[in-house]
Amino acid sequence: MDFAQTQEQQMIQDMAKNFAENEIKPYVDEDEKNQHWRREIFEKMAALGFFGFCIDEKYGGNGMGFLEGSLVIEQVAKVHTSWRMAFNMQCWGPALTIQKFGAQAQKDYYIPRFVSGEFIGSFAMTEPDIGSDVAAMRCRAQDKGDYFLLNGTKMFITNGTICNHGLLYVKTDKDAGAKGITCLIMDYSLPGITRRKLHDKVGLWASDTAEIAFEDVKVPKEVVLGKMNKGFQICMAQLNATRLGCSAGALGLSGAILEQSIKYANERTQFGKQIGRYQLIQQQIAEMKMEHESLAALVYKAAWLKDRNLPNVMETSMSKLYGAKIVVHAANECMKLHGSYGYSEEYPCGRFLRDSKQFETLEGTSNMHTMIVANAALGYAPNRV
Ligand SMILES: Cc1cc2nc3c(=O)[nH]c(=O)nc-3n(C[C@H](O)[C@H](O)[C@H](O)COP(=O)(O)OP(=O)(O)OC[C@H]3O[C@@H](n4cnc5c(N)ncnc54)[C@H](O)[C@@H]3O)c2cc1C
């Protein structure tokens, strides 16, 4: 593995950094306060080609892969972690999954629209009573001959109130467990859909999260992605891509926390010295730095393996699991290091801590990823592509 970045990777990273600093940073405080998803930022990201990583150029892709995508997500998440979600909702969720499993007509129609931002995307498997045990989902699409009749509720869906299209995982054979799930490319303008924004989240305040209820929604059959009742495999493949988006987001947040902690350790003086001169503060900084660099190695390696189509499920889970662990630790240390100022909104420590906690749950809880890593390491399950 070559650790040197290519000139192109360096350029795309710099571009993303400038974009995040100039176009996202000015709105962070306002959008956090108002829990606002800002359409202009989304449109600018689309215009820059941010939703085209791993997507074929004939569908509007940008010709770059997981590694470049991770570098960009990292820079965006470093400035405002809520915005890391957009990459998964457009690119590594719907667009890439349709590219892998879709019929040609679906690829031609949907992918360019997710990449360009014309369609605001989502993916939905979680339900009020079903999270980790995806196979047990209940939201049901009954075959009515010409169409499906859809009933049920999805919960905690990112972009839930703003998406117009997205991947929706439903039960088409209610007694078949994982073998009864089908993936639909859902049109959210259909009658019978009610959406409710969740305003009480701990963090990710500039990202939209919602409950979506389906009541007797008539869904045309041509929106089935891949084969009927093969949705579980599609879901696992999708998650293996979008999880890397999580890991890269955690890396970005970890970088922001480290930078803020170093800045404050150099600025703040107590007992006549910069606090960074005290060994206990140095221990905090050293740990944050080591953990950040270790996470970077895990994220880039998982991306590198993905770009070469080499087995990477274990590596992706390691980056997701480790990312969650270290970013929560770093956010906690950062707040301590800032003393009472860390506990006030004058500094971003509160947002760091709030946003860090998402990584322990989203796209597979830390327990789930521990099992994936352990089962692969022990040889109980193969490490897959
Ligand atoms: C901000 C936000 C955005 C989200 N966006 C989306 C989205 O876009 N689409 C979507 O589908 N979902 C989304 N989710 C939902 C998220 O993916 C789920 O919450 C997650 O998969 C966990 O499910 P759960 O909350 O039901 O927890 P549960 O599965 O009920 O787990 C509860 C606890 O039990 C543990 N546990 C469960 N089973 C086991 C086991 N077998 N062994 C050991 N421990 C176990 C878990 O690790 C966890 O600690 C989002 C959630 C949030 C908070």
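The legends below accompany an overview and several close-up views of a predicted model.

**Figure 1. Overview of the protein chain, with its 12 helices and 10 strands.** The radius of gyration is 21 Å, close to the 21 Å that the globule rule gives for 385 residues, so the protein chain is as compact as a globular protein of that length. Along its principal axes, the C-alpha trace spans about 80 × 45 × 40 Å. Buried residues make up 50% of the 385 residues, and of the contacts with a separation of 6 or more, 75% are between residues 24 or more positions apart.

**Figure 2. Close-up of the packing of helix α8 (residues 279-307) with helix α9 (residues 313-337).** The axes of α8 and α9 come within 9 Å and cross at roughly 155°, which makes α8 roughly antiparallel to α9, since angles over 145 degrees are counted in that way. The crossing of these two helices is left-handed. On the side of α8, the residues that take part include Ile281, Met288, Leu295, Leu298 and Leu305, while among those that α9 contributes are Met318, Tyr322, Ile326, His329 and Leu337. By class, the contact of α8 with α9 has 12 nonpolar, 5 polar and 4 charged residues.

**Figure 3. Close-up of the packing of helix α5 (residues 85-101) with helix α7 (residues 231-267).** Here the axes lie 9 Å apart and the helices pack at an angle of about 145°, with a crossing that is right-handed. From α5, the residues Phe87, Asn88, Trp92, Gly93, Leu96, Thr97, Lys100 and Phe101 meet Ile234, Ala237, Gln238, Ala241, Thr242 and Gly245 of α7. The residues of this contact divide into 7 nonpolar, 6 polar and 1 charged.

Figure 4. Although glutamine 35 is not a glycine, it has a positive phi of about 50°. With 18 other C-beta atoms within 10 Å, glutamine 35 is partly exposed, because a residue needs 20 or more such neighbours to be buried and 12 or fewer to be exposed.

Figure 5. The phi of phenylalanine 271 is near 50°, which is a positive value in a residue other than glycine. Phenylalanine 271 counts as exposed, as it has 7 C-beta neighbours inside 10 Å.

Terms used. Residues are numbered from 1 along each chain as its sequence is written. This is a predicted model: local features need pLDDT of at least 70, side-chain atom pairs count only at pLDDT 80 or more; totals for chains, interfaces and linings use all residues. Axes are lines fitted to C-alpha atoms, for helices over the stretch in contact, and angles run from 0 to 180 degrees between N-to-C directions. Helices (H or I, at least four residues) and strands (E, at least two) are DSSP runs, numbered from the N terminus. Angles under 35 degrees count as roughly parallel, over 145 as roughly antiparallel, 65 to 115 as roughly perpendicular and the rest as oblique. A crossing is left-handed if the near helix is turned anticlockwise from the far one by less than a right angle, and right-handed if clockwise. Two residues are in contact if their C-beta atoms, placed from the backbone, lie within 7 Å. Ala, Val, Leu, Ile, Met, Phe, Trp, Tyr, Cys and Pro count as nonpolar, Asp, Glu, Lys and Arg as charged, and the others, Gly among them, as polar. The radius of gyration is taken over C-alpha atoms; the globule rule is 2.2 Å times the number of residues to the power 0.38.
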